[in-house]
Amino acid sequence: MNDTLKTLLQKIKSPKLLIIIGISGMLLICLSSFIGGGTKKQKSAPTGENITADEYRDQLEESVAGIVKSITGSKKVNVVITLESGIRYSYADINEGTSANKTESNSESSSSESKQTYITVKSADGGEQALLVTTEMPEVRGVAIVCEGGDNEQTNEKIKNAVTAALNITSKRVYIAGGSFDEKR
């Protein structure tokens with residue numbers, strides 16, 4: 001076993017074999033990019049890059065409505081969520097600065113100039129975009145819920161506990177009211 005390993009290593013050290021292995025490796029990489037590269041379409045959940053604050057709020061409202069429907073058993077629930085601000089994006093940047101300046105008396109003084117320079121990447125269409133590091137979704141300011149059975153104290157408490165846990169907010173930010181929904185509307 002040990003002898004076969006030594007002979008294999010000696011064969012690999014030959015330059016011709018290394019060149020052949022290298023070229024075949026590059027061909028496999030190129031081949032894989034042509035065969036499976038652009039044919040698959042992936043559907044992904046909305047990320048911070050392509051979602052707006054309104055879409056984010058709508059998703060939260062649908063989620064909370066689903067929770068309330070599960071608790072009350074009613075299909076008619078109205079949920080309104082207000083957000084603190086919009087979506088915040090943080091981009092990769094380079095801080096340049098600290099240059100040395102000489103004054104007339106030949107003494108050196110150091111001053112700091114801060115320039116905001118962003119790291120950019122080339123996009124598929126050839127343009128340049130700043131490199132996105134983090135996307136911070138806005139905090140929930142408040143939630144108002146109107147549902148059948150919202151006036152019931154036990155149901156109200158269940159809904160409030162579920163919503164505060166799901167959205168990580170205090171119970172002071174959640175208002176629940178009972179309502180009657182007409183079938184005519």
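The largest nonpolar core of this predicted model has 21 residues, and those with the most contacts inside it are V64, I81, V143, I145 and L167. At least two residues of this core are supplied by each of α3 (53–72), β1 (77–83), β10 (140–147), α4 (153–167) and β11 (174–178), and the largest share, five residues, comes from α3. In soluble globular proteins, nonpolar side chains tend to be buried together.

**The chain as a whole**

The secondary structure of the chain comes to four helices and 11 strands. Of the 185 residues in the chain, 18% are buried. Among contacts between residues at least 6 apart in sequence, 65% join residues that are at least 24 apart.

**The sheet**

Three strands, in the order β1-β10-β11, form an open sheet whose pairing is mixed. Because β1 and β11 stand at the edges and each has a single partner strand, one side of each is left without a neighbour in the sheet. Direction ignored, neighbouring strands of this sheet are turned by 10 degrees against each other on average. Strands of a sheet pair through backbone hydrogen bonds, either parallel or antiparallel. The two pairings of this sheet are set out below.

| Strand pair | Sense | Bridges |
|---|---|---|
| β1 and β10 | antiparallel | seven |
| β10 and β11 | parallel | five |

Particular residues mark both pairings: N78 stands opposite V146 in β10, while V143 stands opposite V174 in β11.

With 20 residues at 1.5 Å a residue, α3 should span 28 Å, and its end C-alpha atoms are 28 Å apart, which agrees. The helix lies across β1 and β10, running at about 140 degrees to β1. Buried in α3 are Y56, L60, E61, V64, A65 and V68, and the buried residues of this helix pack against β1, β10 and α4. Just after α3, G73 takes a positive phi of about 80 degrees.

Within this helix, E61 can be followed on its own. E61 lies in α3 and, not counting residues up to four places away in sequence, touches V79, V80 and I81. E61 counts as buried because its relative accessibility is 17%, and buried means under 20%.

The partner helix of α3 is α4, and the two pack at an angle of about 145 degrees, with their axes 10 Å apart. Their crossing is right-handed. On the α3 side of this packing are L60, V64, I67, V68, I71 and T72, which meet T155, K158, I159, A162, V163, A166 and L167 in α4.

N156 has its place in helix α4, and N168 lies in the loop between α4 and β11. Which of them is buried and which exposed? N156 is buried, with a relative accessible area of 18%, whereas N168 is exposed, with a relative accessible area of 71%. Leaving aside neighbours within four places in sequence, N156 is in contact with G150 and I176. As for its backbone, N168 has a positive phi of about 55 degrees although this residue is not a glycine.

Technical notes: Residues are numbered from 1 along each chain as its sequence is written. This is a predicted model: local features need pLDDT of at least 70, side-chain atom pairs count only at pLDDT 80 or more; totals for chains, interfaces and linings use all residues. Side-chain values use heavy atoms; hydrogens and water are left out. A nonpolar core is a set of buried Ala, Val, Leu, Ile, Met, Phe, Trp, Tyr and Cys residues joined through side-chain atoms within 4.5 Å. Buried means under 20% relative accessible area, exposed over 50%, partly exposed in between (1.4 Å probe, protein chains only). Contact means heavy atoms within 4.5 Å. The expected span of a helix is 1.5 Å times one less than its number of residues. Two strands pair if DSSP finds at least two bridges between them. Axes are lines fitted to C-alpha atoms, for helices over the stretch in contact, and angles run from 0 to 180 degrees between N-to-C directions. A crossing is left-handed if the near helix is turned anticlockwise from the far one by less than a right angle, and right-handed if clockwise.
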